Amino acid sequence: MASNGPQNGGDFSFATSNVAKGRNGLPKIQTAKEKEDEICHDDSAPPVKAQTLDELHSLQKKKSAPTTPIKSPQAVGGFSSLISEEERQKQQLQSISASLASLTRETGPKVVKGDPARSGETPRLSSVTHHHYTPSFAVSDSSLKFTHILYNLSPAELYEQAIKYEKGSFITSTGALATLSGAKTGRSPRDKRVVKDETTEDELWWGKGSPNIEMDEHTFLVNRERAVDYLCSLEKVFVNDQFLNWDPNHRIKVRIVSARAYHSLFMHNMCIRPTPEELENFGTPDFTIYNAGQFPCNRYTHYMTSSTSIDLNLARREMVILGTQYAGEMKKGLFSVMHYLMPKRGILSLHSGCNMGKEGDVALFFGLSGTGKTTLSTDHNRYLIGDDEHCWSDNGVSNIEGGCYAKCIDLSGEKEPDIWNAIKFGTVLENVVFDEHYREVDYSDKSVTENTRAAYPIEYIPNAKIPCVGPHPKNVILLACDAFGVLPPVSKLSMAQTMYHFISGYTALVAGTEDGIKEPTATFSACFGAAFIMLHPTKYAAMLAEKMKKHGATGWLVNTGWSGGSYGSGNRIKLPYTRKIIDAIHSGELLNANYSKTEVFGLEIPTEINGVPSEILDPVNTWSDKKAYKDTLLKLGGLFKKNFEVFQNYKIGTESKLTEEILAAGPNF
C-alpha cells in the first residue's frame with residue numbers, strides 16, 4: 001500500500017483505514033505519538049493573561065519612575081518613614097501646578113502625568129488642589145480641563161512625541177532627530193527684554209552698548225500671563241527639571257515648561273541631567289522658563305516691537321518666550337541668568353571653551369564666531385571640559401552645561417570628527433536639509449538657514465571629562481581672526497592688556513568676494529559675549545584679573561586670521577602653525593621664550609617657537625608694503641580706541657587707577 005507521508009519516523013501519516021474525517025471529507029492530519037523517553041523542544045507557553053490589545057500593550061513596558069525612598073526629617077520608632085510613590089508624585093505635580101499658576105486665577109491647572117493619547121495605559125493621578133486658596137471669581141472652561149504633564153521624558157520617548165505630533169521632525173540616517181525651528185532660525189537679540197526694577201536698575205548694565213533692553217514689571221506679567229494661559233490651554237506640556245553648573249556647591253535648579261518635544265529634547269541635552277535620586281529631592285526650581293514660542297506676544301503691548309519677545313525677570317527668577325521657536329533662546333537666556341547670579345557669589349561666568357591636559361593644566365579659550373574657538377579647544381591630546389559656557393570659582397573651573405551646541409554648516413568627518421560622530425541617536429539637528437529617501441544630511445545645504453546646529457550631550461565627545469570640572473586655569477587664550485593682518489600670530493599679555501582685550505572682544509568679519517575684494521569689518525563684543533552679559537564688562541574683567549593674579553594664570557592673544565597683508569592680499573595663518581602655538585602655550589614653552597615689542601599695540605611677541613617659521617611671528621616682516629602695513633595698523637588701532645570710548649568713563653570701585661591702567665594698555669599712537 002502506498003504511503004502518502006514520510007516514511008520511517010515521519011511526524012505524521014495519512015492512514016487509508018479508519019481515516020478520521022476532517023472538513024469537506026478530507027483526511028484529517030494525525031500527529032504521531034511521542035515516545036516516552038523523548039523530549040519535545042517546542043517554545044509553547046501559556047497564553048498571556050491580557051483580555052484586550054490595550055492590556056497586552058501595557059505589559060510591554062515596565063514602570064521606570066524613580067523609586068528611591070525619601071527619608072522624612074523625623075524617624076518614627078527608630079526607623080525612617082517613607083513617602084509613598086503616590087505621595088511623592090503628588091508633591092511633584094503640586095510643584096508643577098504652582099509653576100503654571102495664572103496670576104489672574106492665582107492657581108495652577110489640574111495636572112496629571114502621562115500622554116493623553118495613551119490614557120488607557122497611563123493611570124491618572126488625582127488632580128492637584130490648593131487648599132490655601134479657592135478663588136470664586138475664576139470659574140471658566142479652563143478649570144474643567146486637565147493639563148497632561150510629560151515629565152522628564154527620555155530621548156526615545158521624546159522622539160516618539162516629535163515624530164508623531166510635530167510636522168518637520170524626522171530621524172536621519174545616523175539616528176539624530178532632524179527638526180525645524182520655524183520662521184526664526186537664530187536668536188532675536190532686539191526682542192530680548194529685562195525687567196528694570198529698584199534692584200536691577202543699579203546692578204545691571206543699561207544704556208549704550210548694553211544688550212539689556214528694559215521693560216517694566218507689569219509688561220512682563222502681561223506676557224507671562226499670555227504664555228502660561230497658552231501652555232495651560234494645551235492638552236499636554238513637556239516639563240524638564242534639570243541643573244546648571246557641574247560644581248555641586250553652586251548648582252542651579254531649572255525648570256523648563258515647553259509645548260514642543262523638540263524643545264524638551266534640546267534642553268535635556270544642553271542642561272545637566274539629574275539622576276532619579278536627584279529628581280526625587282528636586283523640590284522648587286531656582287529658575288523657570290515658560291516657552292510658549294508658538295504663540296506670539298501682543299505687538300500693542302508696551303515695550304514690544306514685534307510679535308517676538310524674550311523676557312527675563314530676575315526678581316521672579318522667570319523667563320518667558322513668545323513668538324520664536326528657536327531653541328537657542330532658552331540656552332542663552334539661562335546663560336544670561338548665570339551671568340547675573342554667579343558674580344553675586346564671587347564666581348566669574350565666562351563665554352569660553354575649556355580643556356585640560358593630562359597633567360591637570362587647564363586652558364580657557366575666548367573667541368567670537370569664526371575665530372577657531374571650537375576647533376582649538378577640541379584637542380585629542382586633552383580632555384574637553386566644555387565648549388561654550390563656564391564658571392570660575394574658588395573650587396576651580398566648571399562647565400555650566402551638560403551638552404554642546406555645534407554649528408553644522410559645511411561639517412565633515414575629516415575636519416570635525418568628534419562633532420561628526422556625535423550626531424547620532426539623541427542628538428537634535430536644527431534646520432538641516434537631508435535626502436528625502438535615505439535621510440542623509442547635506443551639511444553644505446543652506447536652503448533653510450546657514451545657522452544649522454546640532455545639540456548633543458557632552459558625553460558623546462570621546463575625550464570629555466566627566467564630571468565637567470577642573471582645577472584653576474593656567475592659561476587664558478583670547479582668539480581673534482584679524483582680517484586686517486596686523487596682529488601677531490601670538491603675543492603674551494600683561495594683566496592690564498588682558499583686561500583691555502577681554503573687554504574689547506575683537507575679531508574681524510570678512511565680506512563676500514563675489515564682487516571683488518571687500519574691506520574687512522572690525523567686530524567688537526565685550527567679554528567675547530556681549531549679547532549675554534548682565535553687568536558692566538569691566539566688572540567681569542576685574543574678576544578675571546583678580547582670579548588670574550591669585551592663581552598665576554597667563555593671558556595670551558592669538559591671531560587665527562591673516563598675515564602678510566589684509567584679506568585679499570595676504571594669506572590666512574596656517575592652522576598647523578596655530579596648533580603649534582597653542583601647544584607651546586600648554587607646554588609652558590612660551591613662558592621661557594625671548595620677546596620683542598610691537599609698535600602701536602605694544603604687544604610682547606616671541607622671537608622663536610618650535611615648528612613655526614620665525615619670520616611670521618612679527619607681522620611687519622610678512623608685509624612687502626611697509627607703508628600699507630603701518631597705515632592698516634593705525635586704522636585698526638583707531639577702531640579699538642573708538643570702540644573703547646563707551647567704557648573709558650566707567651570706574652571700577654571708588655578709584656579710577658585700574659581703569660587708567662586698562663586704557664594705557666590699549667593702542668598708543
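The legends below describe close-up views of a predicted model.

Local features are reported at pLDDT of at least 70 and side-chain atom pairs at pLDDT 80 or more, while totals for chains, interfaces and linings use all residues. Residues are numbered from 1 along each chain as its sequence is written, and side-chain values use heavy atoms, without hydrogens and water.

**View 1. An open sheet of nine strands with mixed pairing.** The strand order is β3-β4-β9-β10-β11-β13-β12-β7-β8. Strands (E, at least two residues) and helices (H or I, at least four residues) are DSSP runs, numbered from the N terminus. Two strands pair if DSSP finds at least two bridges between them. Because β3 (110-113) and β8 (214-215) each have a single partner strand, one side of each is left without a neighbour in the sheet.

**View 2. The parallel strands β10 and β11.** Strand β10 (residues 252-258) is joined to strand β11 (residues 287-292) by five bridges. Strands of a sheet pair through backbone hydrogen bonds. V257 has Y290 in β11 opposite to it.

**View 3. Helix α2 across the sheet strands.** Helix α2 (residues 85-99) lies across β3, β4 (146-151), β9 (236-244), β10 and β11. The helix runs at about 135° to β3; axes are lines fitted to C-alpha atoms, for helices over the stretch in contact, and angles run from 0 to 180 degrees between N-to-C directions. Contact means heavy atoms within 4.5 Å.

**View 4. The aromatic pair of W205 and F647.** The structure holds 20 aromatic pairs. Rings of Phe, Tyr and Trp (its six-membered ring) pair if their centres lie within 6.5 Å; planes under 30 degrees apart count as stacked, over 60 as edge-to-face and the rest as tilted. The centres of W205 and F647 are 6.2 Å apart and their planes are at 50°, so this pair is tilted. W205 lies in the loop between α4 (198-203) and β8, and F647 in the loop between α15 (626-644) and α16 (657-664), 442 residues apart. W205 is buried at 6% relative accessibility, and F647 is buried at 4%; buried means under 20% relative accessible area, exposed over 50%, and partly exposed in between (1.4 Å probe, protein chains only).

**View 5. The edge-to-face pair of F601 and F640.** Their centres are 5.1 Å apart, with 80° between the planes. Both F601 and F640 are buried. Ring pairs link W205, Y500, Y506, F524, F601, F640, F644 and F647 into a cluster.
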